[in-house]
Amino acid sequence: MSETDQQVRQLSKKSGGRQDQKEKKPPQEKKPPQDKESRVRAEAEATTAGLHVLWDVPFGTADDGSTLLLDVWMKRDADAEQQRNTSGAIVLWLHGGGWRAGSHHPMPAFFRTLIESHGIPVASLGYRKSTQARFPACLLDCRAAVRWLRG
């Protein structure tokens, strides 16, 4: 054994292990990965704070077997009869994104006045995107939502 090898071994013994081992760091707390849907839902919960929200209400089944969903945003302090409002009005919101992107969960701020001041609920439609189904599937989803909301 060469003199250099002996020196390496001595240093290794002093340091408590092999010299080529990396110094171990204490394990860090890992935050769970937050996927896009989780981030969108967190944003949606922030924008709808103080309202009564029905998340992901199924309103139909698409021809490909997928469940069609919508969210309903309503005034929190109203009882069931007041929720229906005397006019029977409800706004059907189609989020932006060119039929290709976006989510039906976040609520635009301008709906808060409509909901809180006038008691008119808003249904936000989760239509199939053009990446999921061919046109006119998104329009058929909109038509199915209108039929379902009419009762």
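Which strands does helix H4 lie across, and at what angle does helix H4 run to S2? I looked this up before anything else. Helix H4 (residues 111-118) lies across S1, S2, S3 and S4, running at about 60 degrees to S2. My terms: helices (H or I, at least four residues) and strands (E, at least two) are DSSP runs numbered from the N terminus; contact means heavy atoms within 4.5 Å; axes are lines fitted to C-alpha atoms, for helices over the stretch in contact, with angles from 0 to 180 degrees between N-to-C directions.

I then turned to helix H5 (residues 137-150), which packs on the sheet and touches S1, S2, S3 and S4. The direction of H5 makes about 115 degrees with that of S1.

A note on the source: this is a predicted model, where local features need pLDDT of at least 70, side-chain atom pairs count only at pLDDT 80 or more, and totals for chains, interfaces and linings use all residues. Residues are numbered from 1 along each chain as its sequence is written, and side-chain values use heavy atoms, leaving out hydrogens and water.

Next, the sheet. I found 4 strands in an open sheet, ordered S1-S2-S4-S3, with mixed pairing (two strands pair if DSSP finds at least two bridges between them). S2 and S4 (residues 122-126) pair in the antiparallel sense over 5 bridges; Val 72 has Ala 123 in S4 as its bridge partner.

Last, I checked confidence (pLDDT, the predictor's confidence in each residue, from 0 to 100). The mean is 81, and 72% of residues reach 70 or more. Over residues 17-21 the pLDDT is below 50, and this stretch has 4 contacts beyond near neighbours in sequence.
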